[in-house]
Amino acid sequence: MAVLDIDRLLSYRVPEYRESYDLRDTILYALGVGAGLSETVDELGFLYERDLKALPTMALVLGTPGFWAMDSKTGLDWQHILHGEESLVLHRPIEAEGELVGKTWVEDIADKGPGKPVMIRSRRTLSTLSGLLVAEMSELWVVRGAGGFGGERNLPGEPLPPLPDLPADCTIELPTSRNQALIYRLSGDRNPLHADPELARSVGFDGPILHGLSTMGVIGRALIHMCAEGNPHHLRSMKLRFTAPVVPGDVIATEIWDEGDGSARFRASVPARGVVVADCGIATFGRI
């Protein structure tokens, strides 16, 4: 892995993206995060065009040109990128159909040293055509082996705090499907790591893995059902750290700690494989 060309990356401008979407796109996104697979929760409202409601995590795929790190102009070796953290703050509900504008930029870069990772934090806003802010997102990428350009060693900001040292207040298990990554990629992220078995094996996986943001969508559904009485408009924000990939077909168990102030902490795991896939999560609730 070559050392990151920091000047090349900083000179790159992620294209602003204006996106129209309809009820079909909203249903396709919901299918791509596993809605309708569980026998224990009713999710027809996310999947049927009559009175359709969009999942709030759909903001993560709207107004983006897709996996922009695959553009050779960035200077990034996209096959060595891991998704580290993600945050979402909602200022308005995501409507079931509409037109929005996304703006994305690289905000911070940290160099862990020669042969070690580079940490890249990007930000994105999602707005209406009239300029009203709908959502803000922050994404942390870990670029394996790209360190050594001599930058700051740590990103600014506070790390996610640890979870309470107590049993969770509740747990919900939601399945994924074997073809979930193939469905999710139709919402915009065409990274072949999630579809091509040979490519996945070449970078150290046994086969294609689920997109981190599809995993986040599953966890978002869990939070809506357990903390918001199934109302997607009551999830105001969520932030998490990805710790291991989900394999399509895994069952994801989300443990939730109620903080009693309109917020909750959470962790997600795959019990069958004994692995934590998302940790140190924080979510807030209340009508937006």
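Select Thr57 to begin; this residue is found in the loop between helix 2 (23–32) and strand 2 (81–90). Helices (H or I, at least four residues) and strands (E, at least two) are DSSP runs, numbered from the N terminus. The model is predicted, so local features need pLDDT of at least 70 and side-chain atom pairs count only at pLDDT 80 or more, while totals for chains, interfaces and linings use all residues. Residues are numbered from 1 along each chain as its sequence is written, and side-chain values use heavy atoms, with hydrogens and water left out.

Thr57 counts as buried because its relative accessibility is 2%; buried means under 20% relative accessible area, exposed over 50%, and partly exposed in between (1.4 Å probe, protein chains only). Which residues touch Thr57, leaving aside its neighbours within four places in sequence? Show Tyr29, Leu88, Met216, Gly217, Gly220 and Met238, which are in contact with Thr57. Contact means heavy atoms within 4.5 Å.

Next, select Thr125 in strand 4 (residues 118–128). Thr125 is also buried, with a relative accessible area of 16%. Apart from neighbours within four places in sequence, its contacts are Val101, Gly102, Lys103, Trp105, Leu133, Ala135 and Glu136.

Is Thr254 buried or exposed? With a relative accessibility of 1%, Thr254 counts as buried. Not counting residues up to four places away in sequence, Thr254 touches Cys170, Thr171, Ile172, Ile219, Ala222, Phe266, Arg267 and Ala268.

Side chains of opposite charge can pair when their charged atoms come close. A salt bridge is a side-chain nitrogen of Lys or Arg within 4 Å of a carboxyl oxygen of Asp or Glu. How many salt bridges does the structure hold? There are seven, and three of them can be visited here:

- Select Glu255 and Arg267, whose side chains meet in a salt bridge (3.1 Å, N to O). Glu255 lies in strand 8 and Arg267 in strand 9, so the pair ties together parts that are twelve residues apart in sequence. Arg267 is partly exposed, at 24% relative accessible area.
- Select Arg273 and Asp250, a salt bridge in which the closest N and O atoms are 2.7 Å apart. Arg273 lies in the loop between strand 9 and strand 10 (275–285) and Asp250 in the loop between strand 7 (235–242) and strand 8, so the pair ties together parts that are 23 residues apart in sequence. Arg273 is partly exposed, at 40%, whereas Asp250 is buried, at 11%.
- Select Glu99 and Arg18, a salt bridge with its closest N and O atoms 2.8 Å apart. Since Glu99 lies in strand 3 (residues 98–111) and Arg18 in strand 1 (residues 17–21), the pair ties together parts that are 81 residues apart in sequence. Glu99 is partly exposed, at 30% relative accessible area, and Arg18 is exposed, at 54%.

For the last stop, select Asp261 in the loop between strand 8 (251–258) and strand 9 (263–270). Asp261 counts as exposed because its relative accessibility is 58%.
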